[in-house]
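This briefing concerns the model displayed below. Please keep the sequence and the structure in view while reading.

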Amino acid sequence: MKDTILIYRLSDDIKGKIKEIANELDIDVRDISIQHLYQKMGYLLNMDGYTYQEQMLPSSSMDQPFVFFALNKDEQLDLLLQLFRMKGIPHIPYKAVLTQYNVDYTFARLYQSVASEYQQMIQMNLKK
């Protein structure tokens, strides 16, 4: 699998910066559109064995920007995040990396999982 970054609901300016960084590192960048919300991550990454699934309407609001990293080397993530900061890309709270488990999630399920974890983290920080 080729290193890939999937992006969702990012401004054109941020998309452009991410695509510039990815281009320098030979990483594919693909937008996730509303038509792909209920596709499995493996399908969105063009992995063998994953096929298109029939669509449903989104059951909840999915309006936050999201970045998904599918990288072959763990060091790439650290490098990418460092380059994001250097290029002035603002913090994107909703992000995830490819794992053996979430490859079978639909994007909507992954989004909701990350959103829930983020809200729990914020609540824990407020209690401190």
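Predicted model: local features only at pLDDT ≥ 70, side-chain atom pairs only at ≥ 80, totals over all residues.

Residues are numbered from 1 along each chain as its sequence is written, and side-chain values use heavy atoms, with hydrogens and water left out. Helices (H or I, at least four residues) and strands (E, at least two) are DSSP runs, numbered from the N terminus.

- Four strands form an open sheet in the order 2-1-3-4, with mixed pairing; two strands pair if DSSP finds at least two bridges between them.
- Strand 2 (28-31) and strand 4 (94-97) stand at the edges with a single partner strand each, so one side of each has no neighbour in the sheet.
- From one strand to the next, the twist averages 15 degrees; axes are lines fitted to C-alpha atoms, for helices over the stretch in contact, and angles run from 0 to 180 degrees between N-to-C directions.
- Strand 1 pairs with strand 3 (residues 66-70) in the antiparallel sense over five bridges, and Thr4 stands opposite Ala70 in strand 3.

**Helix 3**

- Helix 3 (residues 74-86) lies across strand 1, strand 3 and strand 4, and runs at about 145 degrees to strand 3.
- Gln76, Leu80, Leu83 and Phe84 of helix 3 are buried (under 20% relative accessible area; exposed is over 50% and partly exposed in between, with a 1.4 Å probe and protein chains only).
- These residues cover an arc of only 105 degrees around the axis, which puts them on the same side of helix 3; the arc is that of the directions from the helix axis to the C-beta atoms.
- The buried residues of helix 3 pack against strand 1, helix 1 and strand 3, whereas the face turned away from the buried side carries the exposed residues Asp74, Glu75, Asp78, Arg85 and Met86.

**Arg9**

- Arg9 lies in the loop between strand 1 (4-8) and helix 1 (12-24).
- Arg9 and Pro65 are 56 residues apart in sequence, yet 4.7 Å apart in space, C-alpha to C-alpha.
- Leaving aside neighbours within four places in sequence, Arg9 is in contact (heavy atoms within 4.5 Å) with Met62, Asp63, Gln64 and Pro65.
- The side chain of Arg9 reaches the backbone oxygen of Asp63 at 3.1 Å.

**Lys15**

- Lys15 is found in helix 1 and counts as buried because its relative accessibility is 18%.

Technical notes: Polar contact = N/O pair within 3.5 Å; in protein donor to acceptor, adjacent residues only side chain to side chain.
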